[in-house]
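Good morning, everyone, and thank you for making the time.

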Amino acid sequence: MFDPDIAPSGTLLGLLQRGRGDGTLHALAAPRAEALAALHHCVLRDPRRDWQVENRSLYYARLCLDLDAELDEIEQHLFHPDDLVNDDEARTGLALSVLGHLAAYGRADALRLLRRYTAAGSNWEWALDELALRDDDPGLRGLAPAVLARFPETSEGDAELAAVVRGAYEPRPWRLWAGDPHHGPRVRAAAEQGAFDRWQRQMRPSGPRPGWSVHDILLWAQREHDLKPDARRPDAAARCLAAVAGPEDRPELLAAAASAPDAARAAALRHLAEIGDPEVLDLIEVAVTEPDASELVSQAALSAFERMRSISALDRARVWAHRPDALGDAAAAMLSCRGGQYDTPLVLAALRRTVRAEGPDAQILWTLVDGAGRLTISCAAPVLRHVYRETASSHLRGRAARALAATDPSFAAGFAVECLWDCEESTRELAARHAATADTRVVEQLRRLAADPAEEAEVQTAVRSRIGPETPEF
């Protein structure tokens, strides 16, 4: 994950970077050269904060088709000398995904470019996965020599090949190559070695094993954390405590949750929260608010509180929700997920406070926006519209759209229309169910989505629920 440079939401580039439906509509109305420049900027400089969960590739591929865009700039980006020294998937992943969609739409130039990059590029595995979904058997068979040549016929090369075959996201090319008379023996041997390696790991687990007492588990959690701080041993230790801790261990667990070393304290806090110990809420408050508490302890305490489902936790959340700190955020999040209508003022206040203090991309907004929709807080609509327009996260924008559908009477004739062109399929599905068909663009786009083979099934189901013999506007 990284923090990309996002242009203002009122510009064409800013709209396209966010994946908003208005980005497509503005690009089609703008001078073609300007639209192509903004589009290429997005494809070649991935604007997503988390490229593993946010969608953009189909959105940009459709705009490439609408603008009849050439692929010269994408080609230059893929085969730039940087590709020889920078094998980060984020540099080329979006461009390769866009090419994959274009190939699925019948762009032969995109298919050829993917084949060339698979043969010579550093992110060849991604390109091969795209081809596995779109290329024909002869095209894939023709790539076998170039791909297998990447692995020297040595013990190290064979081990690397086995690891790649074992971890392949799309196995189709390897299955085709396994049946090839010339390359098949080596590919089959790599597949067999990968299966054997997996079996060995399953039969001989090498992970640490704690002793089976509360004291041993807490010692193990701290010792393992000291050795590997990123291994999340407190979470594993809490699961072990659930199996062995009894009523007689409560004093030791309370003492650990109050003053033990960080990892042991975090494990004890989580366990006590999961069993609903009556003293754990006070211990959580101390762990989060004490001046010298470590980040590990405070985050574990917040996480433990967020997992609680008791009435006492809800009551305490109503007390803490006024706090302008992390504990107040966690309390407001709990009320957003589980509170009642009488908690509306607290959720609304937290939503407004967060947007003012942290902007439209704060992590807590995901839950608060959902809460505003769940509680149908109509007076939250202005804040939700602001989040919708300004956030750089397409997922958060989709949540804001869902909340607006529940709170804003103007949504169907407003944002729902542009959502039909949004980059996220869940947002397009929402729009397909709500967009007012008085706008002729809505009818045309619904028909296009219904006929597009690249569209998600859920979106097409939503579209077809609006289209039928009994709907004369279609």
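Let me begin with a term: on a 1 Å grid over the protein atoms alone, a cavity is a set of points where a 1.4 Å probe fits but cannot get out, whereas a pocket is an open set with protein on both sides within 12 Å along at least five of seven lines, and lining residues have an atom within 4 Å of a point. Grid points are joined across faces, edges and corners, and a volume is the space filled by probe spheres set on the points.

This is a predicted model, in which local features need pLDDT of at least 70 and side-chain atom pairs count only at pLDDT 80 or more, while totals for chains, interfaces and linings use all residues. Residues are numbered from 1 along each chain as its sequence is written, and side-chain values use heavy atoms, with hydrogens and water left out.

Helices here are DSSP runs of H or I with at least four residues, numbered from the N terminus. Helix α3, residues 32–44, has 13 residues and reaches 18 Å from its first C-alpha to its last, close to the 18 Å expected at 1.5 Å a residue, where the expected span is 1.5 Å times one less than the number of residues.

How many cavities of 30 Å³ or more does a search of the whole structure find? The search finds one, and the volume of this largest cavity is about 90 Å³. Its lining includes T24, Y59, W421 and R448, and α4 gives the most to that lining, with four residues.

Turning to the pockets, the largest holds about 950 Å³ of space and is lined by 36 residues, of which S97, W126, E130, L133 and Y169 lie nearest its centre. Helix α9 provides the largest share of this lining, eight residues. By class, the lining has 16 nonpolar, eight polar and twelve charged residues, where Ala, Val, Leu, Ile, Met, Phe, Trp, Tyr, Cys and Pro count as nonpolar, Asp, Glu, Lys and Arg as charged, and the others, Gly among them, as polar.

The second largest pocket holds about 370 Å³. Of the 14 residues that line it, R232, D235, L296, Q299 and A300 are the closest to its centre, and α20 supplies the largest share, six residues.

Key:
Helices (H or I, at least four residues) and strands (E, at least two) are DSSP runs, numbered from the N terminus.
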